Amino acid sequence: MCPYRIRRKCSQCLSCYCDICADSNYTCVTDGYCFTSISKDTSVVRHSSRVIPIIEKIRENKLRWFDHVIRIGDLKAARVNMKINVEEKKGGGSLKKRCLEINIVIPREKPLVCHYPKKHNDSFVTVCCKDYDFCNRDLKPTLHNKLPDDSLNDHKKERLGTWELAIIIAGPIGVVCLVVMLIMNFWAGSTKRHNIRYLRTPRIIAADQQPILTAAVSLRDMIEMTTSGSGSGLPLLVQRSIARQIQLGVPIGKGRFGEVWQGRWRGEQVAVKIFSSREERSWFREAEIYQTVMLRHDNILGFIAADNKDNGTWTQLWLITDYHENGSLFDFLNRSTVDTNGMIRIALSIATGLAHLHMEIVGTQGKPAIAHRDLKSKNILVKSNGTCAIGDLGLAVRYDTSMDTVDIPLNHRVGTKRYMAPEVLEETINMNHFDSFKRGDIYALGLILWEVTRRCYVDNIHEEYQLPYYDSVPSDPTIDEMRKVVCLEMKRPPIPQRWNAYPCLQTMSKLMQECWYHTASARLTALRIKKTLATLGAMQSHNININI
């Protein structure tokens, strides 16, 4: 009995050839599709089943249609065991021509079972049609030829596994990272080697060729003998020989960079500024600036030597300079007062040293213009004769006229916030314009003049020493606090009323106010300040009252 009989009235039914419907003249009627399938003959008894139980099975699991209807593999589940007669065998496969009900196809418009499987499948192929009655008679599906073993292996090789993909992706990334690490390691090593060889001059003279190292020669005479007026510092080996002969005494100061110690070399006192290894860039920069040609000046701290100390467990970077027992201007003003002549002497020496820094000397051994960028009372040393010398050039910048560029140091240090100019606090300074840095120094100089003038006694009257903006910001102000006071509130250190009663103090007050203008271009130059103070000193020495 044919299992493919439509049990309802059908207006558009399709008649198909059915190879197992002998009782209905090998004809089945369906509202779906006719199909012809071919499966590989494996010489195994094939079983078929009725349509209704199989349909119920398919409705429970529609995705198994191939197993139950086309391949007719799970016949035991249908509980019907009946032998079928294969109508014909073609090309080593068994052909089946039957009906496909519409209510079991997925999807109805384009059933999945009617698609050709992959071309590598050589065991089963199905073709469907519904163009006309008995259209499946004309369908002739063919099995695909089985690929050789080598072809299958090649096909498997085309599909990469997870580990292969991971290696392909991670391999180039690892190579790139390795190359970057090698480049960075090479760059760091070459930079360190360059820093140790900080001298630009090739004047490396052997110690046995330097009679000054064995003779009883003072440091000042040694510097005058070896620099030949260039002011660029001692030869490298001489510096190293001096550094290794220094005996440290007691610490005399401490800052962000490290410590300052009093030392002795052949009975002469020297100051040893010891940098930690983390501050190598600051040490290198300061040593480099100090050895600038023609920099040596009475009002610039005298540089003697620079060397690195390494005992295998720690590294110290030494910067050896002249020693001044009065210490910094900050310490000096805290414990001492000055008269008008002493005030002018201090102010004039600072202005002279700053003018020398800012000035460019043109020549075969010329000096570039230099801006300090961290001028304050703690970075100025007081000599025994009452004059001052500017030190701590670790943040200084040089101006290259030939390239029209500013040589800005590559270190993480910034200037002292209390002495920062308004344009620096507001971050509006033009970093490519060298005059911007010089004007920042002038602003700081105005604050230093205020500190000095407060300690000047006239008629036995003087003010207590205070730092600038002592009444407006805490002892360690932030940039935001300084910006609020200096830029937003436009405050400046207060001028005592009594200064206007004395021409000398009045002149100093006008001078400092012209240094700390909010508009940078309106500030005086270092040379102008130097000339004004020189005039004031000359007139004061002759007891002439002035009123500028």
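**Close-up views of the predicted model**

**View 1. A disulfide joins Cys 28 to Cys 99, with an S to S distance of 1.8 Å.** Cys 28 belongs to strand β2 (residues 27-30) and Cys 99 to strand β7 (residues 93-100), so the bond ties together parts that are 71 residues apart in sequence. The model shown here and in the other views is predicted. The torsion about the S-S bond is about 100 degrees, so this disulfide is right-handed. Cys 28 has a relative accessibility of 0% and therefore counts as buried. Cys 99, at 1%, also counts as buried. A search of the whole structure finds four disulfides.

**View 2. Cys 16 and Cys 34 are joined by a disulfide, S to S 1.7 Å.** This pair links distant parts of the chain, 18 residues apart: Cys 16 is in strand β1 (residues 14-17) and Cys 34 is in strand β3 (residues 33-40). The S-S torsion of Cys 16 and Cys 34 is about -80 degrees, which means that the disulfide is left-handed. Cys 16 counts as buried because its relative accessibility is 0%. Cys 34 is likewise buried, at 0% relative accessibility.

**View 3. The sulfur atoms of Cys 129 and Cys 135 lie 2.0 Å apart and form a disulfide.** With a torsion of about 95 degrees about the S-S bond, the disulfide is right-handed. Cys 129 has 8% relative accessibility, so Cys 129 counts as buried. For Cys 135 the value is 2%, and Cys 135 counts as buried.

**View 4. Cys 388 and Cys 515 are two further cysteines for which accessibility was computed.** Cys 388 is buried, with a relative accessible area of 1%. Cys 515 has a relative accessibility of 0% and counts as buried.

**View 5. The rings of Tyr 17 and Tyr 26 form one of five aromatic pairs.** Their centres are 6.3 Å apart and their planes meet at 20 degrees, so the pair is stacked; planes under 30 degrees apart count as stacked. Tyr 26 counts as partly exposed, at 37% relative accessibility.

**View 6. Tyr 290 and Phe 303 form a stacked aromatic pair, 5.7 Å centre to centre and with 10 degrees between the planes.** Tyr 290 is in helix α7 (residues 280-290) and Phe 303 in strand β12 (residues 303-310), so the pair ties together parts that are 13 residues apart in sequence. Both Tyr 290 and Phe 303 are buried.

**View 7. Strands β14, β17 and β18 form an open sheet in the order β14-β17-β18, with antiparallel pairing.** The edge strands, β14 (369-371) and β18 (405-407), each pair on one side only. Averaged over the sheet and with direction ignored, neighbouring strands are turned by 30 degrees against each other. Strands of a sheet pair through backbone hydrogen bonds, which may be in a parallel or an antiparallel arrangement. Between β14 and β17 (residues 397-400), which run antiparallel, there are three bridges. Ala 369 stands opposite Tyr 399 in β17.

**View 8. Helix α11 (residues 434-454) lies across β14, β17 and β18.** The helix runs at about 50 degrees to β14. β14 is one of the edge strands of the sheet.

**View 9. Asp 459 is found in the loop between α11 and α12 (479-488).** Which side chain makes a polar contact with that of Asp 459? The side chain of Tyr 502 does, at 2.8 Å. Asp 459 and Asp 339 are 120 residues apart along the chain, and their C-alpha atoms are separated by 9.8 Å. Asp 459 has a relative accessibility of 57%, so Asp 459 counts as exposed; the cut-off for exposed is over 50%.

Technical notes
Residues numbered from 1 in each chain as written. Predicted model: local features only at pLDDT ≥ 70, side-chain atom pairs only at ≥ 80, totals over all residues. Heavy atoms only, no water. Pairing = 2+ DSSP bridges. Helix = DSSP H or I, 4+ residues; strand = E, 2+ residues; numbered from the N terminus. Axes fitted to C-alpha atoms, helices over the stretch in contact; angles between N-to-C directions. Contact = heavy atoms within 4.5 Å. Disulfide = S-S within 2.5 Å. Buried < 20%, exposed > 50% of the residue type's maximum accessible area, 1.4 Å probe, protein only. Polar contact = N/O pair within 3.5 Å; in protein donor to acceptor, adjacent residues only side chain to side chain. Phe/Tyr/Trp six-rings, centres within 6.5 Å; stacked < 30°, edge-to-face > 60°.
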